[in-house]
Amino acid sequence: MAKVLMVGGSSPELSPEEERLVMRDIAMAGEAQTKEGDTFCLITQRLPLGLFSLGLMKTARIQVQGSEGMTEILTKDVSLTELSPEEEKRVISGFAWEVEAQAKEGDTYHLISWRWWRIWSAFVNHNPATSTNEGSSLESGGSRTLKRPPSIDNSDLICESASDNSTIEIYDTLVEGTDYILVPEEIWNQFYAWYGGGPALARKVITRGSSQTELTVEVYPLRLQLHLKSGADQHAIRMSRKETIGELHRKACQILDLNSDKVHVWDYYGCRKHILLNDLDKTLDDANIQMDQDILVEVIDHSGGCTSVVQENGSTKNVSIAVVEPARMNNSIGEGSSADKVVSKSCNSELSQFQNLSFAPRDSDRTPTSLGVSTRGSCVGLIGLLNFGNTCFMNSAIQCLVHTPEFARYFRGDFYQEINWHNPLGMEGELAIAFGELLRLLWAPGRASFAPRTFKAKLARFAPQFGGHNQHDSQELLAFLLDGLHEDLNRVKQKPYINPRDADGRPDEQVADEYWANHIARNDSIIVDVCQGQYKSTLICPVCDKISVTFDPFMYLSLPLQSATPRTMMVTVFSCDGSVMPATCTVTVPKEGRCRDLIHALSRVCSLKENEKILLAEVQGHLIRQFLEDPLMSLSVIKDDDRLTAYKIPKLMTNTRYLQLVHRREGPETSKARSTTWKPYGTPLIFPVSSDATITRGDIQLIAHTMLSPLLKHQKSNTNTSSVASNPSSVNNGNRPYSPPKENSDSILKLPLKLVDGNNTLIDISVGEEKIIRLSSSSVSVLLYIDWSPELLKKYETHYLENLPEVFKSGHGTKKARIEPLSLYSCLEAFLREEPLVPEDMWYCPQCKERRQASKKLDLWRLPEVLVIHLKRFSYSRTVKNKLETFVNFPLRDFDLTKYVANKNNSHPQVYELYASANHYGSMGSGHYTAHVKLINENKWYNFDDSHVSTVSEDDVKSNAAYVLFYRRVKPDDALLSN
């Protein structure tokens, strides 16, 4: 075989004429000898400057088969002409758009050093400020030009321990967009043709996610540790997550030189047999195989058994390590792929947007200021965690937990003795060990920031929802960690079965202690000692009034955030006893408040008496549409254009019916009308009566006069309605008929009243005073019409009944309500407030024997040493996901909860101080997590932003980004020390 090889024009560099002649000779040779089976390549013609000027010649083989043998002419990536920066930029941009549209599983991507990428970016963007010494700008005669970038240099990505004969290993702590950029193979080939260098670091595209549709570049393939039972050897191999169990079986047999028919492969996680990997078509990803997981290769002997030198606890004797691939230097183990998607922040934002290719420093490029604290561990407890793909949610949660003083002392001690290896609800101690090792690393002196890949891999094994590189909720991770650590460290080996008893009238103290003792009998760990408290839960059946009291443990408090923006509402208040004139009141209530908030606000402004209460009603079409009697009803159902009234009525009344006095006046006359037509107008008035009472028509007249008495223009001195006005419930006492005073009956003006009785018949009340009225039993409201003639209108100030205002009407004169900061105490009070259960979580009433939407009231009973408070900033519905940016004014110290503890036998003050907070910045799903931590021994606050650690002032700790707050109880000694 004869082979002609032309390699890049740089050695030697040809002139354009020489290049033309070379290509002509090649073409002529190929044309003269071409036959069936020869290979040709297609070259695009859509590039702007043509093939030869852009240097896009790809590898081509022209093979000629003859009697004298095979002649192969090979042209490889011929760089025919050096391009201008604009031309290089245009070529790469064209590749980027094409790759983005056609990305698929199995494509190849290459890692390129971020340092070299920035040099090339500065070159094609004419930005000398971004270049380095290797691609520096030159000034000559006042002009500034840029050198072409040097050869591609990926040496800063490669472990120094990698030998020339082995597969190239990259560092574990590499971060996309900070250390490297991912480019498609086509772009890498073009860069290599132009600049050379390397080495090439190729990675494959795989699919991940629940639907297997998310394209991901597998930057870190799985590294598996093979354990051979027969020889107790350990080997490391690299495999893609998309390779199958069968391929693992084949590779293991090949490396260990074993007969595949006599080998079993086991999931050997934690050096214990878990699952026999015998489904050969299943992928490693589907089998939940994680980074650096142990795989047991078991050799079956002729008798059907297996040879073993492995001890019962999983350790081996005389293990000789024969590592196929060199181990990485960093203590952190790579967990998975670095890029989220193929068209990721590298390819999408850096390649396809070349028109705006200006590389401003990113968050990941930030370095601590001169005032910041070095992350090299000059002071213990100040080590950052690298973000290796949307792991800020995990980093912030970890920093808050490891800086909890009780946890720091515990996990730096001998906590292994308390690991519950056989708890079926636990994780065989793996989570506790991983967390303990991570905590020790973060408290070790002199360490640099690192990526917690080992911990992430363990986490993903037991909680797959936190696997991959998607953003997650930091609070959800905290809840899982606290619960998982508790089960791994539970001192109770055999949990007894306990049937809880209801309170049944026993003292709360006795019931609470009994519930707590039952809880400790099954759950006893450092997590319970530090983080668990107890609250009292009271359920009341809305039908039979059955009260159920239980005392339940809690790990954290999730407090609701009501909108800090208040709502202004206008309501007209009437008095049923005729004691005061109607008045329109303007009150402010929480925007997401309830009816009880509106009732409470009205009670303050209308001088409500001790024996009175407020009854709310919605008026529509001059009639009461509905009574708003449910105090837990949300105010959001009341629109701004609705019209509300409030009535002062007596508190102590049972079986209440409401007489609704509806005003009518004459309608417009028509030629066909032979009689007067009456139409409702104005605002109805109400008067409460007992459905058991015996009421006469004269009583109805007296009640109507009582309600209208404030509107009467000229009151005669002998007119007296005080008997009803002072005691409106006098008509409701038993079955004894009410008789108005004899001396007043003749002086009272007979009002034109008509009442709708139980038969839906209009009864004229102006005649037959002694006749008894039978009220309707089918309706809460009994209609009583008053027909206002022109003569009667002259005697009353009826304009108070007209023009009922809307709840809120905006205008130029509308004053903006003052917004008060939402306090943490207000959030706690909202959490402890009585609430109805949601329909999906109804309570089974043991007395009714049915599920009821009971009302639930929570009270704090026992508070923990460390109180974790979750501010519910994220709200979810079927169609909307929202984040509340409400600023919560939370105390840094002297957070006094003494008055909120229902257990009055506890005389100790319950005062807390803040020592850590997890923060969330930005919008939902695309935000960023950080942590604020107070080193108690230094009495100084620090900001942990992934790998960057810097000091922060106390004023900056408070912000609307605060998401999870960590409070520590102040002991008397601490209080004295602080004073």
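A contact is defined here as heavy atoms within 4.5 Å. Among the contacts in the chain with a separation of 6 or more, 72% are between residues 24 or more positions apart. The structure is a predicted model, in which local features need pLDDT of at least 70 and side-chain atom pairs count only at pLDDT 80 or more, while totals for chains, interfaces and linings use all residues. Residues are numbered from 1 along each chain as its sequence is written, and side-chain values use heavy atoms, with hydrogens and water left out.

The predictor's confidence in each residue is given by pLDDT, on a scale from 0 to 100. The chain has a mean pLDDT of 76, and 73% of its residues reach 70 or more. For residues 45–80 the pLDDT is below 50, and this stretch has 94 contacts in the model beyond near neighbours in sequence. Residues 975–979 also have pLDDT under 50, and here the model has one contact beyond four places in sequence. Where pLDDT is low, the predicted coordinates should not be read in detail.

Secondary structure was assigned from DSSP runs, numbered from the N terminus, with helices (H or I) of at least four residues and strands (E) of at least two. By this assignment the chain has 22 helices and 47 strands. Burial was assigned from relative accessible area (buried under 20%, exposed over 50%, partly exposed in between; 1.4 Å probe, protein chains only). Of the 979 residues in the chain, 49% are buried. Helix H8 (residues 392–402) is mostly covered, with 11 of its 11 residues buried. Among them are Cys 392, Phe 393, Asn 395, Gln 399 and Val 402.

Ile 703 lies in helix H16 (residues 697–708) and counts as buried because its relative accessibility is 0%. The C-alpha atoms of Ile 703 and Leu 661 are 9.8 Å apart, although the two residues are 42 residues apart in sequence. Ile 773 is in strand S31 (residues 772–773), and its relative accessibility of 6% makes it buried. Between Ile 773 and Ala 693, which are 80 residues apart along the chain, the C-alpha separation is 9.9 Å. When residues up to four places away in sequence are not counted, Ile 773 touches Ile 695, Thr 696, Arg 697, Leu 755 and Ile 765.

Aromatic pairs were identified from rings of Phe, Tyr and Trp (its six-membered ring) with centres within 6.5 Å; planes under 30 degrees apart count as stacked, over 60 as edge-to-face and the rest as tilted. The count comes to 29 aromatic pairs. The ring centres of Trp 117 and Trp 120 are 5.4 Å apart and the planes are at 35 degrees, so this pair is tilted. Both residues lie in helix H4 (residues 114–125), three residues apart, about one turn of the helix. An α-helix has 3.6 residues a turn, so residues three or four places apart point the same way. Trp 117 and Trp 120 are both buried. Tyr 410 and Phe 411 form an edge-to-face pair, at 5.1 Å centre to centre and 85 degrees between the planes. Both Tyr 410 and Phe 411 are buried.

Gly 198 and Pro 199 are joined by a cis peptide bond, with omega about 0 degrees. Pro 199 is in the loop between strand S9 (197–198) and strand S10 (202–208). Asp 894 is not a glycine, yet it has a positive phi of about 55 degrees. Asp 894 is found in the loop between strand S41 (888–889) and strand S42 (895–896), and its 57% relative accessibility places it among exposed residues. Asp 946 also has a positive phi, near 55 degrees, and lies in the loop between strand S45 (940–945) and strand S46 (948–951). With a relative accessible area of 11%, Asp 946 is buried.

Grid points are joined across faces, edges and corners, and a volume is the space filled by probe spheres set on the points. The whole structure has six cavities of 30 Å³ or more.

How values were computed. 1 Å grid on protein atoms, 1.4 Å probe; cavity = no way out; pocket = protein on both sides within 12 Å on 5 of 7 lines; lining within 4 Å.
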